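This report works through strand pairing, packing and charged contacts in turn. The sequence and the structure are shown first.

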Amino acid sequence: MPGTSLRLFGGAITAIAPHNLLDASEIRQIPDTQEVLLFPDSSISIIVEILQRVEPEDNQDAVKYHFDSLAHDNDALSSEVVSVNVILNDRGDATPSVTTLSGVQRVPKFNRLIPDEVRVLMALYRVVEKGIDLVVSFNIPVRSEDGGAMRGEKLQQAQEQFDVFARSLRIEDFNVFA
């Protein structure tokens, strides 16, 4: 699975990602606190977002909070957390360890009768000293009327790409969280 070092927020954050991702800011306006990347050959999107730290102190509760917030923002009809895991940063750099979540949301799209089922893979990096939650979300349609659903091998490949992205993410310049 070919990947390249992706420079986010002007290089302040880096991660290994597929080399052919499209920068959504080239086709629509994106807030300064977000980087939105699109897969050119599917409906998968990646959102990297700098957010104010949320109340739950426990990282697993905090990632669930962000997942629930995303479900609310998406007007999801239902949402379910499948798993939550902690991956320790043993690289020796200052990037916090990551808490990952896998979940499913049923999201109505474009006035369709049947909602899309979206696998959400989320990674949370808590930058305590800056009061920041850095959240990465891979949004992967697994059931969709538009034919963009990922199943089987393609779903597994997306999961692997998320794992590489989450494990490789590195905060190079903490001043991005000014």
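## Strand pairing around β2

In this predicted model, T14 stands opposite R170 in β10. That pairing belongs to an antiparallel arrangement in which 2 bridges join β2 to strand β10, residues 170-171. On the other pairing described here, β2 is joined to β1 by 5 bridges, again with the two strands running antiparallel, and A15 in β2 is the bridge partner of L6.

The strands β1 and β2 form a hairpin with 4 residues between them, and within the turn F9 has a positive phi of about 50°. Strand β2 is mostly covered, since 4 of its 5 residues are buried.

## The nonpolar cores

The largest nonpolar core has 35 residues, of which I46, V136, F138, F165 and L169 touch the most other members. At least two residues of this core come from each of β1 (4-8), β2 (13-17), β5 (45-52), β8, β9 and α2 (152-168), and β9 gives the most, with 6 residues. In soluble globular proteins, nonpolar side chains tend to be buried together.

The surroundings of L169 can be listed in detail: leaving aside neighbours within four places in sequence, L169 is in contact with I13, T14, A15, R91, T95, Y125, L134 and V136.

## Helix α1 and its ends

Helix α1 (residues 59-73) has 15 residues and reaches 21 Å from its first C-alpha to its last, which is close to the 21 Å expected at 1.5 Å a residue. Within α1, the residues A62, V63, H66, F67, L70 and A71 are buried. An α-helix has 3.6 residues a turn, so residues three or four places apart point the same way. The buried residues of α1 pack against β5, β6 (78-87), β7 (98-107), β8 and β9.

At the N-terminal end, α1 is capped by D58, with a side-chain oxygen that lies 3.1 Å from the backbone nitrogen of Q60. Just after α1, D75 takes a positive phi of about 55°.

## Salt bridges

Side chains of opposite charge can pair when their charged atoms come close. The structure holds 5 salt bridges, and one of the pairs is E57 with R53, whose side chains meet at 3.0 Å, N to O. E57 is exposed, with a relative accessible area of 58%. A further salt bridge joins D93 to R91, with the closest N and O atoms 2.7 Å apart, and R91 is partly exposed, at a relative accessible area of 31%. R91 and D93 are also linked with R170 in a network of salt bridges; R170 is the residue that T14 stands opposite, and R91 is among the contacts of L169.

The salt bridge between E117 and R143 has its closest N and O atoms 3.3 Å apart. This pair links distant parts of the chain, with E117 in strand β8 (residues 116-127) and R143 in strand β9 (residues 132-143), 26 residues apart. E117 is partly exposed, with a relative accessible area of 22%, and R143 is likewise partly exposed, with a value of 35%. Because buried means under 20% relative accessible area, E117 at 22% does not count as buried.

Note on methods. Residues are numbered from 1 along each chain as its sequence is written. This is a predicted model: local features need pLDDT of at least 70, side-chain atom pairs count only at pLDDT 80 or more; totals for chains, interfaces and linings use all residues. Side-chain values use heavy atoms; hydrogens and water are left out. A salt bridge is a side-chain nitrogen of Lys or Arg within 4 Å of a carboxyl oxygen of Asp or Glu. Buried means under 20% relative accessible area, exposed over 50%, partly exposed in between (1.4 Å probe, protein chains only). A nonpolar core is a set of buried Ala, Val, Leu, Ile, Met, Phe, Trp, Tyr and Cys residues joined through side-chain atoms within 4.5 Å. Contact means heavy atoms within 4.5 Å. The expected span of a helix is 1.5 Å times one less than its number of residues. A polar contact is a pair of N or O atoms within 3.5 Å; within protein, one must be able to donate a hydrogen and the other to accept it, and residues adjacent in sequence count only if both atoms are side-chain atoms. Two strands pair if DSSP finds at least two bridges between them.
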